[in-house]
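Take a look at the model below. We will walk through it step by step, from single side chains to the whole chain.

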Amino acid sequence: MDRKEHYDSLMDRSKRIMWQDDCYMDLQSTSSFASSQAEKQNLLWIQKHKDGLQSFVSHSFLEEIVRHLRNVDVLSSAEETGIKEAGQLQDQINMLTTIISGKDSQSSDALQAFIESSDSEISQLILNYDLMVKKHKEVLLQQHEKLRDRDSASCPKLNISSRTLLLVDGLSDFQQKEHDLMQVGVTRGGRRNHLRQLGLSKLFEPLTKVSLPPRVTLTVGVAGIGKTTWVRHFVRQWCQGTICPDVHFVLPLTFCELNSLEKLSAERLLKMTFPHLPDAGLVLSSACRTLLILDGLDEFRTSLNFSDAAPCNDPKREVSIDDLVTNIIRGNLLPDVAVWVTSRPGVAAQIPGGLVDRVTEIPGFSPTDIQIFLHHHFAEKDFAGRIWAHLESHKVLMVMCYIPCICWMLAETLVYILQSGTQESLPKTCTELCVHFCSMIAEVGEPRGREPVKSEQLHATNRKLLGNLGRLAFYSLLKHKYTFSEQDLRAYGIDLLLTQSSLGAGVLIRWESTIHSTYRFTHLTLQEFLAATFYHVSSKRAIFDLFSESTMSWPKIGFQNHFRSAFQHSQQAEDGHLDLFVRFLTGLLCPTTIKPLAGLLALGKDDGSQKVWAAGFLQGLLSSVGSVVSLRAVNLAYCLQELQHTELLRSVEEDLRQGSLAGKLTRPHCVVLGYLLHVSPECSEQINLTGCLNYPTVKSLLPQLLYCTHLRLESNNFKDDVMELLGSLLSAKDCHIHKISLADNLISNKGAKALSRALLVNRTLTSINLKNNNIGSKGAKFLAEALKMNQALVSINLQNNSIEEEGAQAVAEVLQSNRKLVSLNMRKNTVGAGGAKRIAEALKTNRTLTKLILCSNQLGDKGTAALAEALTFNHTLLSLQLQSNSISNKGMTALTKALRLNRGLVSLNLRENSIGVEGAKNMAHALQENNSLQNLDLTANLLHDDGVRAIAGAIKFNRGLTSLHLQWNFIKSTATKALAQALLSNTTIQLLDLQENTIGNEGVISLAEALKVNTSLRTLCLQGVSAGTSGAVAMAEALTSNQTLQTLDLRGNAVGMEGAKALANSLKCNRSLKSLNLQENSLGMDGAIFIATALKGNHQLAYINLQGNGIGESGAKVISDAIRASAPSCVVDI
């Protein structure tokens, strides 16, 4: 029947009723009932297929429907126009179904007949999608529910639903070239630099309203991170309708399954793996949004070759399986199907970056996640706390727990050991961990809650199984093979029944699919460990090179020759895939390490001589490394750690901690330093290499410096050639450096140019310190051009770099365009009034800078006035430092006028200027109106008593100021009394500094009286104020009632023994004072004894200074010992 006949048969209602010859029906009496039933059926049909219409009808197909309905007079011209003008496609479809539903049954019949008679893919999807997808979801759920327990090892708080992927800008060079665990070790388990976090539900959605969904999405993660778990979780969530409802079909495949296939077409692949889908072409059509998941590219038996793969765009044409995958990813095949590929990073690099629309990375466990995991699974008997304490003591193991699979292995093993009551034997190295894990699963099968079986009772079959598994692991590792068929296992003498034993099931995981069954090791680390056990045992009796699986190789006799051969192959492996293998091989030479496996391995007697020889061999390799410390070289230091030969490691670590590396950085020391940059807790946040580097050592360490967070390279006499090296470091995609300090070097404008080139591409650096170099105005211009583009840097220190006015102009241009810079230090650069004016003009529009330091720049009153004008516009600048700028009353007048309007500035530094009484009075007027300024520093000006009295009058009413510095201002007792009077009512001042003013006893007594009432002051500085005994006695009396003052500085006065006695008595009842400085106060031995005795009853004092009081060395020791005995936590300077 052709299309027209089919359509006519649907439209002719009489042909739908099977009449019988002897049947009589009164059509007149039943016409109304039949019409009603037909209308109900039509409404049901539209309702049933409404979702299909919404999902699959395209613009062109909608036009066909409307045109047909218009031709058969179902739609009027007005209705046709209304549908076309309804807006979006979904709105047009809604209007069509609404119009048809409101008409008679003939209208609905016409729509139904048109769709059912159409041979388009869209019509087939509308009619059949519901049944197809229902069956498909049932099958997928049935397959993935079997694996739910395996995927749910983590606790609910760590469920994938609550976790996010990291959206990254492609793969870094390091990820593409290095071993997974080396990646984790170098970054210390920290998260990689990423653009944003992305929930699983948003993985295939556009990132913005104007962007398109990705066609090819690549998700990477190291082995054991949970890539397959994420895929299974996604599939389950999609089947349950809770994620990506707009994806019509999800087709999950694993590369393990594809390994058994040779040559086939895309359509045949789908029919083979999803036989329940009746029409593969329909699922793959452009009308359907389909997601093809290809999980585990790293487990594919062949490498993808995108340059030589034969192109194919016919889904029915049979090609080799690797060419099939290549053409699908490239888009030649199934161009309308979205593809999600998961892989370990190194193998993922096979896919050209230009073919991937989105790259995400699965983050591992953070330290907090590890604690949550432990407390969820091992809460009994405080196992979680004990395991956590052990991890904190052994950072190498802590870093490995970044990988959830290893975290589980480690926790199960440690709990098993703790249950046996042998906490002293907890593993400290990776080798010990794997030894104990294998021993555990061989002995008990179920790791927790069972007593260990003695090693001599182990069955011989376990020894044979472990040996065969080791041989499989070793030769597969050489071939980069990580999945195995049953045939592979048989080829290495492994009995399939034994894979179900406790040892076999603990080491191997079996995966069954619709195509075939595959096996893989529980984790890649375990494969590498078993490979090392095989090599360790075999090398003691092998007469041929073990790296050649056949016997056709040069003879190689003796363990040491085989050991050398292993390291030779490891050092030559550019991708580092043998790094962990040789670490384990070295670790197995430690007799105490391998002891738990004595019953499983055929081990001879070991007197420790091989360990001693291996240590010497490794140190010899360290001395012969090249001029650049590569990760292969750093792996040698890891091997020393596994061997537990740590003398050199500890020596370099101690020198690093004490800052005594200068002149000691030989090649072995550089390698060990590179190792410490990976694993040392002290290096994880900040590495201090001040005064110990030169050009050769920087070049040597350069690859290892990438992963430091805070790099201090001060006082190294670096010149511009080193800056070229550091520029390349900061330009690297793998760079993790956030802060770098290059202060006190010899960097000129050429070095600044190299740095500026790096800043154009760097996305991680937030702080640069270039203090005390010589970049000049040219260097400032280079940096300025980069900072106009850079959107990461927030702080830059250019102090003392001869930038001058020309350089200041370039920096000002940065402030006009850059929206990230928060802190700018331009101290001591002679920018002058002209430079200040340029910067001030930029500040009028800048809304991000919060800290500006312009001290010692010869700004004068003109420059200060320009900055003051800017403050009337800018309310985001929080701190302005103008120390030593020859500012007089004129400049101060301009500043104070601005302060009356400004409501943003919090801190103002005007130290060491020429501000007099008039300027102080103007500041007083400003303080009566401004309550946002908190810190005011007027040290070393010319305020005198009159000026300070004016400020004191303002403080009575000001409610913003918390810190006031007035030292070196020729203040006497009169002004001090005014300040004391102000303190009686002020409730915000926390710090008052009156050092080096001759306020005398009279001034101190007035302040002491104020302290009896004031409850806000925390710090009072009275160094060198000509106070004597009476002032000290008054202050002591105040301390008996004041319970808020925390720091009292009375250095350089004449307190004397009587004053000390009074202060000592006050300390017996005061509970607030934490710091007391009585340096150079003529206390004598007796006065010091009074203070020391008083501390027996005082539990708050944390610091006391009694230096310069004529006590003598013997007396100092007696007093110091007495204070420490009375107050052990108190720091004493005497």
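A residue counts as buried when its relative accessible area is under 20%, and as exposed when that area is over 50%. Keep that cut-off in mind. This is a predicted model. Cys405 has a relative accessible area of 17%, so Cys405 is buried.

Does a buried cysteine stand alone or pair up? Start with the bond itself. A disulfide is a covalent bond between the sulfur atoms of two cysteines. To count as one here, the two sulfur atoms must lie within 2.5 Å. The closest cysteine sulfur to that of Cys405 belongs to Cys407, and it is 9.9 Å away, too far for a bond. Cys670 is in no disulfide either. Its nearest cysteine sulfur, in Cys692, lies 9.3 Å away. Cys670 is buried too, because its relative accessibility is 4%. Search the whole structure and the number of disulfides is 0.

Now turn to a helix. H4 covers residues 59-71, which is 13 residues. From first C-alpha to last it reaches 18 Å, close to the 18 Å expected at 1.5 Å a residue. Which residues of H4 are buried? They are Phe61, Leu62, Ile65, Val66, His68 and Leu69. These residues cover an arc of only 165° around the axis, so they sit on the same side of H4. After the helix comes Asp73, with a positive phi near 60°.

Next come the rings. A pair of aromatic rings is described by the distance of the centres and the angle of the planes. The whole structure holds 28 aromatic pairs. Take Phe563 and Phe617. Their ring centres are 5.8 Å apart and their planes meet at 70°, so this pair is edge-to-face. Phe563 belongs to helix H27 (residues 559-572), while Phe617 belongs to helix H30 (residues 609-623), so the pair ties together parts that are 54 residues apart in sequence. Both Phe563 and Phe617 are buried. Rings can also gather in a group. Phe474, Tyr475, Phe534, Tyr535, Phe547 and Phe581 form one aromatic cluster.

Some rings have a charged side chain over the face. Lys137 lies over the face of Trp238, at 4.7 Å from the ring centre. Arg583 does likewise with Tyr638, at 3.8 Å from the ring centre.

Look at one more ring residue, Tyr707. Where is Tyr707 found? It is in the loop between helix H35 (695-705) and strand E13 (710-712). Is Tyr707 buried or exposed? Its relative accessibility is 7%, so Tyr707 counts as buried.

Finally, step back to the whole chain. It has 1134 residues, and buried residues make up 55% of them. It contains 50 helices and 28 strands. Along its principal axes, the C-alpha trace spans about 130 × 95 × 60 Å. The domain assignment gives domain 1 (42-131), domain 2 (150-364), domain 3 (709-797), domain 4 (803-914) and domain 5 (998-1133). How many Å apart do the C-alpha centres of domain 1 and domain 5 lie? The answer is 92 Å.

Terms used
Residues numbered from 1 in each chain as written. Predicted model: local features only at pLDDT ≥ 70, side-chain atom pairs only at ≥ 80, totals over all residues. Heavy atoms only, no water. Domains from an automatic or database assignment. Buried < 20%, exposed > 50% of the residue type's maximum accessible area, 1.4 Å probe, protein only. Helix = DSSP H or I, 4+ residues; strand = E, 2+ residues; numbered from the N terminus. Expected span 1.5 Å × (residues − 1). Arc of directions from axis to C-beta. Phe/Tyr/Trp six-rings, centres within 6.5 Å; stacked < 30°, edge-to-face > 60°. Lys NZ or Arg CZ within 6 Å of the ring centre and 35° of its normal.
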